[in-house]
Amino acid sequence: MAELRTEVLVIGAGVVGLAVARRFALAGLEVFLVERETTFGTQTSSRSSEVIHAGLYYPTDSLKAQLCLEGREKLYEYCKTRGVLFAQIGKLVVASGGNESDRLLQIHAQAISNGCSEVRMLTNKEIHEERGELSAESILFSPRTGIIDSHQLMLSLLGDFERAGGTTSWKSEVSELEASSTGITARFDDSVEVEAQCIINASGLNAAELLSPGLASDYGLRLAKGDYFSYAGKVPFTRLVYPVPVPGGLGVHSTMDLGGACRFGPDVSWEQTESYEVDGSKADAFFEAIRRYWPKCERDRLFPAYSGIRPKATYREKLIEDFLVLPESTTGSAHIIHLLGIESPGLTSCLTIADYVYDTVH
């Protein structure tokens with residue numbers, strides 16, 4: 001049995017794990033980053049809408065609101081200085097009927113409360129100019145929303161980490177954590193042990209598996225799967241288009257990648273296991289959702305694209321609609337920090353989540 005020692009061990013090389021590992025390494029600490037897969041970002045980080053969120057929806061005192069708003073600015077600046085591809089194309093949140101216009105005004109008020117002073121309701125003239133083929137009674141415009149190449153971002157973060165002296169180990173799965181008076185021991189499936197003074201559990205969908213029995217009796221994760229459909233044909237949008245949000249997510253919205261290809265999604269389905277098969281039979285439901293704000297959508301042009309899974313934190317089986325940075329009690333000066341429920345806007349907030357975790361430990 002081999003035994004290694006390091007100051008900091010980060011478990012999980014998704015976008016948040018990479019950002020956290022980078023933050024500690026840039027502070028001059030010895031950092032070991034481990035990932036059970038053969039490369040970075042294979043779960044939630046690479047199966048998202050790749051949107052830089054503005055921070056509109058989240059409760060004002062939540063970590064999501066706090067870290068998203070600052071995070072978007074840090075991320076835009078990071079992309080500019082590192083050459084990571086992005087486009088600040090803006091977002092339209094569209095109220096199509098019923099009581100959606102009232103709900104949209106509530107979202108606007110929440111956005112202003114969160115500090116998103118640039119967000120505004122469009123005037124009737126502006127609605128006419130923006131609407132095109134959209135069906136809209138009212139529109140909320142978010143100019144600071146954008147899109148990003150998430151793979152480039154993660155590759156850049158990994159490069160920063162390694163240049164700062166960090167060490168990465170792929171195909172390394174942690175099976176157990178145990179705290180002692182000298183530090184915390186991480187046991188791996190291949191019988192290797194690593195002792196660290198600080199361990200950050202950023203393992204995404206699997207993060208709850210490393211909770212101690214005491215924490216696991218209260219905290220956990222639920223898996224919210226979202227399917228995406230692509231559209232074979234021209235889509236007449238130059239901005240992201242979102243409906244008024246639905247419980248569990250932001251609704252089936254229209255996003256695009258940096259190449260201009262459009263996709264619709266995600267929906268929400270609660271799953272027990274990790275599976276990424278897209279249910280093609282959902283095309284009718286997607287079509288009905290899309291045509292509420294884009295009546296000219298053609299059903300036979302929708303095709304299954306990909307799916308992603310968002311980890312939703314729970315406390316005593318009730319959902320926590322926020323990031324959960326959960327310290328675990330240890331003896332001495334050792335730290336274990338579990339990151340649960342790091343879903344959207346985790347990509348946008350990755351740099352500020354990293355700062356927050358670093359400040360929690362120091």
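In strand 2, phenylalanine 32 is the bridge partner of leucine 9. Two strands are taken to pair if DSSP finds at least two bridges between them; helices (H or I, at least four residues) and strands (E, at least two) are DSSP runs, numbered from the N terminus. The structure is a predicted model, in which local features need pLDDT of at least 70 and side-chain atom pairs count only at pLDDT 80 or more, whereas totals for chains, interfaces and linings use all residues. Residues are numbered from 1 along each chain as its sequence is written, and side-chain values use heavy atoms, with hydrogens and water left out.

Strand 1 also pairs in the parallel sense with strand 12 (residues 193–201), over eight bridges. Within this pairing, valine 10 has isoleucine 200 of strand 12 as its bridge partner. Strands of a sheet pair through backbone hydrogen bonds, in either a parallel or an antiparallel sense.

Antiparallel pairing is found in an open sheet of three strands, with the order 3-8-4. Its edge strands are strand 3 (51–52) and strand 4 (86–87), each of which pairs on one side only. Strand 3 is joined to strand 8 (residues 146–148) by two bridges, and these strands run antiparallel. Valine 51 stands opposite isoleucine 147 of strand 8.

Strand 13 (residues 219–231) is largely enclosed by the rest of the structure, because 10 of its 13 residues are buried. Here, buried means under 20% relative accessible area, exposed means over 50%, and partly exposed lies in between (1.4 Å probe, protein chains only). Strand 13 pairs in the antiparallel sense with strand 18 (residues 302–315) over 13 bridges, and leucine 221 has alanine 313 of strand 18 as its bridge partner. A further antiparallel pairing, over three bridges, links strand 13 to strand 17 (residues 269–271); there, glutamate 271 of strand 17 is the bridge partner of leucine 223. Strand 13 also pairs with strand 16 (residues 262–265) in the antiparallel sense, over two bridges, and serine 230 stands opposite arginine 263 of strand 16.

Two helix pairs were examined through their axes, which are lines fitted to C-alpha atoms, for helices over the stretch in contact, with angles running from 0 to 180 degrees between N-to-C directions. The axes of helix 2 (residues 63–82) and helix 5 (residues 150–163) come within 11 Å and cross at roughly 75°. Helix 2 is therefore roughly perpendicular to helix 5; angles under 35 degrees count as roughly parallel, over 145 as roughly antiparallel, 65 to 115 as roughly perpendicular and the rest as oblique. Leu75, Tyr78 and Arg82 of helix 2 make the contact with Leu153, Ser156, Leu157 and Asp160 of helix 5, where contact means heavy atoms within 4.5 Å. The residues of this contact comprise four nonpolar, one polar and two charged. In this division, Ala, Val, Leu, Ile, Met, Phe, Trp, Tyr, Cys and Pro count as nonpolar, Asp, Glu, Lys and Arg as charged, and the others, Gly among them, as polar.

The axes of helix 1 (residues 15–26) and helix 8 (residues 350–361) come within 8 Å and cross at roughly 50°, which means that helix 1 is oblique to helix 8. The residues of the contact between helix 1 and helix 8 divide into 12 nonpolar, no polar and three charged.

Several loop residues were also characterised. Glutamate 277 is in the loop between strand 17 and helix 7 (283–291) and is exposed, with a relative accessible area of 63%. Glutamate 277 touches Lys225, Asp227 and Ser307, not counting residues up to four places away in sequence.

Most residues other than glycine have a negative phi, and most peptide bonds are trans. Lysine 171, however, has a positive phi of about 55°; this residue lies in the loop between strand 9 (167–169) and strand 10 (174–179) and counts as exposed at 64% relative accessibility. Arginine 316 likewise has a positive phi, of about 50°. The loop between strand 18 and strand 19 (318–319) holds arginine 316, which is exposed with a relative accessible area of 54%. The peptide bond from glycine 265 to proline 266 is cis, with omega near -5°, and proline 266 is placed in the loop between strand 16 and strand 17. Serine 344 and proline 345 are also joined by a cis peptide bond, with omega about 10°.
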